Amino acid sequence: MNVSETIGLDVNKVRDSFPILHQQINGKPLVYFDNAATSQKPSRVIQKLVEYYEGYNANIHRGIHTLAEKATRAYEGSRESARQFLGAQSTEEIIFTRGVTESINLVASTYGRKFLNKGDEVIISGLEHHSNIVPWQIVCEEKGAKLIVIPVTDTGEIDLSKYKSLLSDKTRIVATNHASNSLGTINPVSEIIKLAHERGSMVLVDGAQAAAHLPINVVELDADFYCISSHKMYGPTGVGVLYGKKKLLEAMPPYMGGGEMIKDVTFEKTTYNNLPYKFEAGTPNIADVIAFGEAIAFINEIGKANIAQHENELLEYAHRKLKEIEGVRLIGTAKNKVSVVSFVIDGVHPFDIGQMLDARGIAVRTGHHCTQPLMDRFGIEGTVRASFAVYNTKAEIDSLAEGVKRIVNFLSK
Ligand code: PMP
């Protein structure tokens, strides 16, 4: 592949560490542009899983034998890596979950159930993934609270002035993503949090699409809850982190009951474990948590600034190349975006475009991207979404543009 770009980042070297990228799909070199759904995993992350299962597979925390101690150290090492990655003050505030979906459900079902009352209001943005809509709908319905949505502008941004007018003394929870998975829009979370706090509301940030691209510091943001997912950060599936402020986590009831989350159990009464274990019932996903630590190390070694610079170049290049193609309409043109490009070709179903691109070895996502209300807002069924990661290249974007051009020509005949 002809790699011409960039900066302090050797893309060829990065690509070499991802075995999956070096294959042909339908006789063409794989171009993987479905990174917002899940990113690929470098060898070092895959190797961590092998090392654990071949070398020190054991259950954690309760064992006193050598393997159990080694596994516990590695698992807790990942917790410390996640703490540093998010800029949290204490590992007590870092809870391992299965992913962002579980993290949001945890907060909605514990904090939401305990603190929402009839007539209270929960505000979400119109850009949310179904994971940051449905859990709030469930708890609002149960508690008689009202779910309110911040409108989205034509460029795919949160309407901040509308948001200000929606906030009131009834607002208890504001939930928003840091970056939109469908459009790439980076939301002004710092301002959103500040305004919510002025009205006494807590804020949950869905960082699924931010974690691999943007700097995050939960203390500087003053986020009450912040959720990330390993599989979108070059790590394994089935692992996420819920960051929560200690005083909030302490005030919340447990999510699931079982082993590990208890201090003392009798048939009459159970006392709960300290943070973060109160929220980690049962045997956790030990291997994947350990490998997630390695994925964080991978991101740290490349550096978020290098990643952002590279991906911004790709984003700008892709916007430019796709805009040149007649019939292509970009959806989501916010000034601040992570490396996600969504587009439609009027009169052509996104699914058909996706299939034709797959025939050329190019993997994109098509459909509503789990953001049906956002698609409704734009009056479309779905989009074609190309999302970039640190290992993607401008040459790959040329292939995408060439593929889209051919599809447009073919269909206009
Ligand atoms: N929120 C956003 C913005 C997402 O992009 C995703 C994943 N597509 C989720 C939530 C769900 O995350 P997970 O796969 O970790 O459950």
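**Ligand site and cavity in a predicted model**

A nitrogen atom of the ligand is 2.5 Å from an N or O atom in the side chain of Asp206, a polar contact, that is, a pair of N or O atoms within 3.5 Å. The protein covers 86% of the 400 Å² of accessible area that the ligand has on its own, by the Shrake-Rupley method with a 1.4 Å probe.

A word on the source. This is a predicted model, where local features need pLDDT of at least 70, side-chain atom pairs count only at pLDDT 80 or more, and totals for chains, interfaces and linings use all residues. Residues are numbered from 1 along each chain as its sequence is written, and side-chain values use heavy atoms, with hydrogens and water left out.

Back to the ligand. One of its oxygen atoms lies 2.5 Å from a polar side-chain atom of Thr101. For Gln209, an N or O atom in the side chain is 2.7 Å from an oxygen atom of the ligand. The residues around the ligand, those with a heavy atom within 4 Å, include His129, Asn181, Ser229, His231 and Lys232. That shell divides into two nonpolar, eight polar and two charged residues, with Gly counted as polar.

How many cavities of 30 Å³ or more does a search of the whole structure find? The search finds one. A cavity here is a set of points on a 1 Å grid over the protein atoms alone, where a 1.4 Å probe fits but cannot get out; lining residues have an atom within 4 Å of a point. The largest cavity is lined by 13 residues, with Asn35, Ala36, His213, Lys232 and Phe388 nearest its centre.

Key:
On a 1 Å grid over the protein atoms alone, a cavity is a set of points where a 1.4 Å probe fits but cannot get out, and a pocket is an open set with protein on both sides within 12 Å along at least five of seven lines; lining residues have an atom within 4 Å of a point. Grid points are joined across faces, edges and corners, and a volume is the space filled by probe spheres set on the points. A polar contact is a pair of N or O atoms within 3.5 Å; within protein, one must be able to donate a hydrogen and the other to accept it, and residues adjacent in sequence count only if both atoms are side-chain atoms.
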